[in-house]
Structure formats: C-alpha cells, structure tokens
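Here is a short tour of a three-chain assembly, written to be read with the structure open beside you. We start with how the chains meet, then look at each of them in turn.

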Amino acid sequence: MEQFAQIQVSHLFFLAFASLAVVAAFNVILQRNPIYSAIGLIVVMCCLAGLFLTLAAEFIAAIQIIVYAGAIMVLFVFVIMLLNVREEDAKADRQKYLKFLAVPLFLAMIAEVMAVLKTVGNPTASETVPGTVESVAEGMFTNYVLPFEATSVLILMAIVGSMMLARRESKEETDDIEAALTAANQPTEIVEESSEEEVHA
Amino acid sequence: MSSLINSIDFPFVLGALIKVVIFWITIMIICAYAVYAERRVLAVIQNRLGPNRVGWQGLLQPFADLIKFIFKEDIIPMSVNRALYVMAPIISLIPAMMVLIVYPFGPSDLPLPGGEILSQLVNDLSTKLGLGWNVDLRTINLYVTSFNVGILYVFAMTGLGVYGIFIAGWASNSKYSLLGGLRSSAQMVSYELGLSLSVVAVLLMAGTLDLVKIVEQQSGWYGMRWNIFGGTSAGEGLSSLAMAIPAIFAFFIYLVSAIAETNRIPFDLPEAETELVAGFHTEYSALKFALFFIAEYVNMTTVSVLAASLFLGGWNGPFINVFPWLGPIYFLAKVFFFLFLYIWLRGTLPRLRYDQLMSFGWKFLLPAALLNIALAAIIAVLVY
Amino acid sequence: MVPLSWYLALSAVLFTIGVAGVLIQRNAIVLFMCIELMLNSVNLTLVAFSRFLGDVTGQLFVFIVMVVAAAEAAVGLAIIIALFRTRETLNVDEADLLKL
C-alpha cells in the first residue's frame with residue numbers, strides 16, 4: 001500500500017489518541033459500575049485534549065483539561081460517590097428486538113458518514129494558525145464579547161439554580177411553608193400530609 | 001518508513017529527552033532532601049534532634065527511607081477495589097511530574113562551555129550515521145519547552161492531581177479513607193480557584209501566559225525588577241512601583257492558596273493523624289504510600305517554582321547579566337526558600353477545622369482575589 | 001498532515017457512541033455522561049474546522065460550548081440529586097410518572 005509509505009509521526013499520534021478515545025468511549029457506555037464509566041469519560045477528554053494539541057489549539061486543549069477533566073468530571077465523580085451508586089443489577093431487557101435493529105442501522109450510518117467524507121475531500125490546512133491565547137482573546141473580546149458576557153450570566157444562573165435545587169429544606173422553611181398554608185386557610189389534612197412528606201424527603 | 005523517520009525532528013526530541021531526564025533527577029533529589037530537611041527543621045523548631053545517624057549529619061537518610069519503602073511488605077486489603085487501588089498513586093504522581101517541562105531553570109541562550117567542540121562531535125557523529133544533523137550547542141536553554149499556555153498547563157496538571165486522592169479514598173473501601181479523600185479533594189478544588197485568580201493579577205503585569213517569557217520580563221533594574229516590586233507593565237521608572245500593591249496582595253493570596261492546595265498544615269485536617277487516621281492514604285503501605293508522599297512533595301516543589309517564577313523573578317538576581325550561570329543558583333535558592341517556608345509553617349501553626357478551612361477559601365480568599373484583579377486593572381490603567 | 005476527514009470521522013464515531021449510550025443506559029448519571037461525550041465530539045469538529053479554515057471563531061465557539069456544558073452539568077446533577085432523594089433510585093426507566 002503506497003499510502004503507508006507516506007505515513008508521518010503526526011498520523012501515529014492521531015491514531016494513538018483516537019483509538020484510545022474510542023475504546024474509552026465504549027467503556028463509558030458498556031460498564032456497569034458508574035465510577036468506571038466516569039473514568040472512561042475522563043480518558044476520552046484527555047485524549048481529546050491531545051487531539052486539540054495536534055490541531056495546534058493549545059489554549060482550547062488546556063481549557064479542556066482544566067474545565068472538563070478537572071472540574072466537570074470531578075463533579076460527576078463526587079455525585080456518584082455521595083449518592084453511593086452501586087453496580088446495576090442486570091435486569092431483563094424489555095425490548096430485545098431492538099438489538100437486531102441497532103447493528104444494521106449503525107452500519108448504515110457508518111456508510112453514510114464515509115460517503116459524506118469522500119465528498120469533503122482533503123483541504124490543506126490554512127497558513128494562519130489561530131491557536132494561541134492572543135488570537136483567541138483578540139477574537140473573543142472584539143467580535144464575540146456579547147456571547148462571552150452572556151455565558152457569565154449563564155454561569156451565575158447555574159450556580160444559584162443548582163444550589164437551590166440540591167439543598168435540603170431546613171426545619172424553619174418547613175415551618176414557614178406550614179404557616180403560610182394555614183394563613184391561606186388551606187384544609188388541615190393537606191397541611192399535615194405535605195409537612196410529613198417534607199420531613200421524610 | 002522513510003517519511004516517518006523524516007518527519008521526526010530528532011535533534012529536538014533527543015535534546016528534550018536529555019533535559020527532561022536531568023530535570024527529573026534534579027527534582028527527585030530536591031524532593032528527597034526536602035523530606036530530610038523537613039525532619040531536621042521540625043526538630044530544631046520542636047527543640048529536639050532529627051535524624052542524624054545515617055551518614056554525616058543524617059544526609060543519607062532519604063536513601064535509607066527509600067530502601068525501607070521498597071522492602072516493606074505490600075499489603076492490599078481484601079475488600080478494596082483492586083484496579084483503582086493500584087492506579088490511584090500513579091494517577092496522583094504522573095500529573096505532578098508532568099509539570100516539570102515548563103520550569104524555567106535559567107536564562108535562555110546560556111553559553112555552554114565547550115559548546116563548539118560538543119556541537120562538532122554531534123554533527124560528525126550524525127554524518128557518520130547518515131543522518132545529517134546540524135545542531136548548535138554553543139548556547140543552551142535551561143527549560144524543556146517554552147509553552148504558549150504554560151501557566152494554564154500547570155493548573156491543568158494540578159487539577160488532574162485531584163483524581164488520585166479521591167479515587168484512593170473511594171477504592172480503599174473504608175470510612176476514614178472515603179471521608180478523608182472527599183474532604184481533601186473538595187479542599188483542593190476550592191483553593192484552585194483562589195490560586196488561579198491570584199495569578200491573574202500577575203498576568204496583567206506580564207501580558208503573556210508563557211512562564212519563560214514572564215521570567216524574562218523581570219530582568220530589568222540589574223535583575224531586580226521582580227513582579228513583586230511592580231514588574232514591567234505599568235509605565236517606566238518609579239511609577240511602576242504602584243503595581244507592587246496588587247502584586248503583594250496576590251503573593252499572599254497565592255501562598256495561602258498554595259499551602260491549602262497541597263494539603264499542608266495549617267490546612268491538612270483531611271490527613272491529620274488525630275482526626276481521620278491518615279485520611280485517604282490510610283490503607284496504603286510501602287511503595288504505594290511512598291508514591292503518594294513523593295507526589296505531595298513534587299506538588300510542593302511545583303507550587304514553589306511557580307511562586308518563585310511569577311513573583312520573585314525566577315532566575316533573576318543581581319549580576320545576572322554578567323554571570324548568566326548564576327541564574328539556576330538564584331532559582332534554586334528561591335525554591336528552597338519557599339520549601340523552608342512550608343516546613344516552618346508546619347512546625348508553627350495549628351490546624352484549621354474543616355468548615356473554617358472551606359469558609360476561609362470561599363468567603364475570604366476568592367472575593368479577595370477578585371478584588372485584587374480589579375485593583376490591578378485599575379492601577380494598570382491609571383498609571384500606564 | 002492529518003487529513004480533515006479523519007477528525008470528522010472520529011467525531012462522528014464518538015457522537016454515535018454517545019447517542020447509543022443515551023439510548024441504552026438506565027442510570028441517570030451515566031446518561032448525563034453520554035451527553036457530555038456528544039458535546040465533546042462536537043467540540044472536536046469545531047476545532048478541526050477552525051484549524052483548516054484558519055479562523056479562530058471555531059475555537060471561540062468551543063469555549064462557549066464548554067461553558068454551557070459546565071452549567072448544564074451542574075444544574076442537571078442538582079436535579080438528579082433532588083430526584084434521588086425522593087425516589088431512592090437512579091433508574092430512569094422507573095421515573096415514568098409524576099407521582100412518586
């Protein structure tokens with residue numbers, strides 16, 4: 001195969017990172033213990049950071065490891081450990097026939113992707129390499145400053161929202177809700193039921 | 001195959017490998033003797049003698065410890081999760097070690113004595129082997145790579161080091177380990193924010209994330225224009241001293257966050273003996289425990305190197321222009337100063353309780369770092 | 001130089017694995033992780049095109065996608081924790097009625 005004679009070390013790097021990423025991705029969906037799935041996803045993210053480095057996007061690679069592998073996945077693993085999620089018991093599949101439908105459809109999708117990629121061809125990489133911090137910052141703070149500010153508002157909403165959703169109600173809040181319901185002249189059975197459920201939850 | 005070999009830049013790869021090996025050996029020696037120094041300095045503070053039997057004044061103690069760790073019995077409890085239990089020290093150690101490729105040990109373009117002879121030797125050898133290199137070894141750079149996003153890379157590796165700790169805690173399958181692991185990692189993640197934000201004030205002065213360039217910018221004023229004295233961003237002459245105010249605040253915020261980040265006293269409740277047996281490394285013995293230990297000291301060294309490079313000018317010092325080879329000496333002196341500071345704080349301060357620690361990090365250090373950034377930006381605009 | 005189509009093929013494969021995971025998995029947290037996998041594969045496509053077209057907009061978009069993924073992960077996990085407290089299970093097949 002004359003194409004093998006043209007192989008360069010960058011191809012080898014790509015193949016190494018890509019195969020590790022695909023194996024780890026299969027690991028994510030096929031493992032029964034959620035911690036192993038989380039570790040698989042961390043490996044996928046680190047491999048993707050390596051791929052970003054081969055694409056000369058070093059800022060995005062560093063941000064990928066800091067944000068995704070270093071913060072989001074830490075959050076996932078914390079939640080798994082705190083909720084003490086155990087291995088799943090293998091329950092009976094309720095829809096066994098789907099397995100026989102899935103594999104042909106997957107092969108059809110692969111064929112479609114290959115057909116599309118043949119028409120894309122192989123464009124040569126551009127001369128300007130926009131991967132440094134300076135170029136990303138130049139783009140972000142001149143043309144795209146509005147999405148940047150919008151994301152900061154989004155993060156603020158996420159902080160407040162997740163804190164409100166995940167906390168337990170304290171005793172004072174339960175009493176406040178009871179008092180408000182009594183003051184609004186709700187029937188007493190509903191007040192007692194709801195206070196019992198809130199104390200249980 | 002020929003295109004594969006042609007596409008690898010062998011002189012660069014070999015040079016990088018040699019430098020990595022030399023730096024790694026240096027860091028290992030520094031860590032080993034940091035352990036020894038800790039025991040001796042703590043002994044002086046606590047009014048007793050430290051280890052002084054093995055070799056002259058106990059200087060061979062690290063080797064004795066290493067041999068002990070290798071020959072100790074390696075116990076793996078039955079109820080642990082074996083794969084994760086064995087992987088955890090390795091996950092903790094590898095990111096800690098990977099940072100050393102961005103350490104700026106000395107100035108770039110150092111004149112190497114005997115450089116022409118060495119480059120001629122290497123070039124002749126390569127022509128004999130048919131490779132045809134053309135290296136120039138008259139000047140060398142004392143860093144492995146000048147990374148465009150050097151500081152972000154350091155923070156990325158610090159963030160990955162958190163995984164070793166709580167995977168160890170979880171895999172050990174014991175109450176003390178799990179609690180210690182979760183608390184340690186929550187503390188590390190919280191103080192990473194303070195660490196990163198305090199460095200931003202220095203980045204305002206430097207204008208680049210490249211650690212090598214940041215240190216090079218601090219070469220003015222006969223090698224004393226360090227960032228803690230104002231750096232080079234805000235104007236010339238004495239007006240740049242105004243930037244020293246946010247720089248000093250940033251320095252102290254950085255130091256406190258760094259001590260909390262590496263789980264040292266006064267922030268080491270999650271691994272204190274009187275509280276949680278030994279925290280996340282309760283169930284670890286022999287070589288795996290040694291790996292955690294080394295990872296902790298390498299983290300300390302990393303943080304000290306960053307403090308020395310960002311705030312105290314790295315390899316800069318008096319007479320650096322005349323004798324460039326003084327650079328590594330100044331650098332190591334500053335790193336040793338910070339390690340000594342760590343040990344001194346360990347011997348002197350009591351521990352913080354866990355809730356005090358977390359509220360200090362979130363409610364005081366993080367707003368302080370943010371206000372410091374605002375202050376630095378205002379001063380940079382007003383003075384410049 | 002690695003051709004662009006290789007990066008796009010890898011991104012498609014990762015995206016498909018993510019979709020398969022979302023359809024197969026019953027554990028709510030692992031379902032979330034498969035959604036993150038899909039977002040990551042799209043990031044790879046964006047960065048690959050940014051390199052081959054010489055435009056930094058792709059990398060900016062990746063930055064925004066990462067921020068959105070972080071916010072979504074935080075809020076989603078908070079919802080899962082709240083759900084777990086009342087139902088005592090993380091199996092999404094069992095959460096099919098509004099009543100407990």
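Two residues are taken to be in contact if their C-beta atoms, placed from the backbone, lie within 7 Å. Please keep in mind throughout that this is a predicted model.

## Where chain A meets chain B

By that criterion, 19 residues of chain A are in contact with 18 residues of chain B. On the chain A side, two helices each supply at least two residues: H1 (9-30) and H3 (58-83). The largest share comes from H3(A), which provides 11 residues of the side that touches chain B.

## Where chain A meets chain C

Now turn to the other partner of chain A. This contact takes 63 residues from chain A and 61 residues from chain C. Of the 2 pairs of chains in contact, chains A and C share the most contacts.

On the chain C side, helices H1 (4-24), H2 (28-53) and H3 (57-87) of chain C each give two or more residues. H3(C) gives the most, with 23 residues. Sorted by class, the side of chain C that touches chain A has 45 nonpolar, 11 polar and 5 charged residues.

And what of the remaining pairing? No contact joins chain B and chain C. Their closest C-alpha atoms lie 10 Å apart.

## The largest nonpolar core

The largest nonpolar core has 169 residues. Which of these residues touch the most other members? They are A:Val44, A:Met45, A:Ala62, A:Met73, B:Ala307, C:Ile29 and C:Met33. H3(A) gives the most to this core, with 17 residues; H3(A) is also the helix with the largest share of the side of chain A that touches chain B.

Leaving aside residues up to four places away in sequence, B:Ala307 touches B:Tyr254, B:Leu255, B:Ala258, B:Leu312 and B:Phe338.

## A look at A:Ala38

Is A:Ala38 buried or exposed? A residue is buried if 20 or more other C-beta atoms lie within 10 Å of its own. A:Ala38 has 24 C-beta neighbours inside 10 Å, so A:Ala38 counts as buried.

Not counting residues up to four places away in sequence, A:Ala38 touches A:Met73, A:Phe76, A:Val77, A:Ile80 and C:Met33. As for A:Phe76, its C-alpha atom is separated from that of A:Ala38 by 7.3 Å, although the two are 38 residues apart along the chain.

## Chain C: three helices

Chain C has 3 helices and 0 strands, and read along the sequence the pattern is α-α-α. The radius of gyration of chain C is 17 Å, well over the 13 Å that the globule rule gives for 100 residues, so chain C is more spread out than a compact globule. The C-alpha atoms of chain C fill a box of roughly 55 × 25 × 15 Å, taken along the principal axes.

Of the 100 residues in chain C, 46% are buried. Among contacts in chain C between residues at least 6 apart in sequence, 45% join residues at least 24 apart.

Chain B has 14 helices and 2 strands. With 384 residues, a compact globule would have a radius of gyration near 21 Å, and the 23 Å of chain B agrees with that. The C-alpha trace of chain B spans about 60 × 60 × 50 Å along its principal axes.

Buried residues make up 43% of chain B. Of the contacts in chain B with a separation of 6 or more, 76% are between residues 24 or more positions apart. Chain B is divided into domain 1 (78-107 + 145-383) and domain 2 (112-141), and the C-alpha centres of these domains of chain B lie 38 Å apart.

## Confidence in chain A

The mean pLDDT of chain A is 82, and 83% of its residues reach 70 or more. In chain A, confidence is highest in helix H2 (residues 34-54), at a mean of 94, and lowest in helix H8 (residues 188-200), at 50.

Note on methods: Residues numbered from 1 in each chain as written. Chains lettered and ligands numbered in written order. Predicted model: local features only at pLDDT ≥ 70, side-chain atom pairs only at ≥ 80, totals over all residues. Helix = DSSP H or I, 4+ residues; strand = E, 2+ residues; numbered from the N terminus. Nonpolar A, V, L, I, M, F, W, Y, C, P; charged D, E, K, R; others polar. Core = buried A, V, L, I, M, F, W, Y, C linked by C-beta atoms within 7 Å. Buried ≥ 20, exposed ≤ 12 C-beta atoms within 10 Å, placed from the backbone. Rg over C-alpha atoms; globule rule 2.2 N^0.38 Å. Domains from an automatic or database assignment. pLDDT = per-residue confidence, 0-100.
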